[in-house]
Amino acid sequence: MLSPRTTRTVRWLHLWTGVFVGIQIILWVVSGLVMVARPLDEVRGTTLRKEPAALSIPAGLPALQGVEKLELGSLLGKPVWKLTDKIGKRLLDAGGQPIAISAAQAEAFARAGTTLEGPVTVTAITPANPASDWRETAGYRVEFADDVRVYINSQGEIGAVRTPWWRFYDLFWGLHILDWQDRENTHGPVIIIATLMALGVVLTGALLTVRHFWRR
């Protein structure tokens, strides 16, 4: 089957590879358990949102240049246009005039679009003051007393609902894919190397197990 020298080499590889990747294997298992402990809709705060009301299409929109995307939306029950062009995301009224979202409106959007209640703290999100748990850099964070954060983007939409469980989930997601900063890269070199080393531990362990029973 295997010579004594080869067996010693396989055992050495199994032992030291296991030492290097053992902690990561534990983190994979624990983080996987955390990610399946709650339904994903609950993690994302989807269950806190309300269904949008039906809208009628407004007339009289003037000609627009350089439009990449134009959608009909709602601003507290009133139809508006959500425009995306080279400048970025903007909001227009039925007549095509720009609308700037205020902090008070952001709070109203958060309350109208979710089932959340109680006092809030509203904070402007800008490139100079970005959010740690939301990718966009223009909008508002409406934080409720139970530490649920509702993010309103520049078009008056709920861009994200961040619950305490989501932030806990996000931490373990970063540990799971070995991307601790952006938590987006699922095929980085670190996780590929760690996975190959874990595979090596499994294969050498299987080989030693087969040899053990073969000798018996």
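Entry 1. I checked Leu75: at 12% relative accessibility it counts as buried (under 20% is buried, over 50% exposed, partly exposed in between; 1.4 Å probe, protein chains only). This is a predicted model, where local features need pLDDT of at least 70, side-chain atom pairs count only at pLDDT 80 or more, and totals for chains, interfaces and linings use all residues. Residues are numbered from 1 along each chain as its sequence is written, and side-chain values use heavy atoms, with hydrogens and water left out.

Entry 2. I listed the contacts of Leu75 (heavy atoms within 4.5 Å). Leaving aside neighbours within four places in sequence, Leu75 touches Val80, Leu91, Ile99, Ile101 and Phe109. Leu75 and Ile101 are 26 residues apart in sequence, and their C-alpha atoms are 9.9 Å apart.

Entry 3. I placed Leu75 in strand S1 (strands are DSSP E runs of at least two residues, helices H or I runs of at least four, both numbered from the N terminus). The sheet is open, with three strands in the order S1-S2-S3 and antiparallel pairing (strands pair if DSSP finds at least two bridges between them). Its edge strands are S1 (69-75) and S3 (89-92), each pairing on one side only.

Entry 4. I followed S2 (residues 78-84): it pairs with S3 in the antiparallel sense over four bridges. Lys82 stands opposite Leu91 in S3.

Entry 5. I moved to helix H5 (residues 189-215), where Leu199 lies. Leu199 is partly exposed, with a relative accessible area of 45%.
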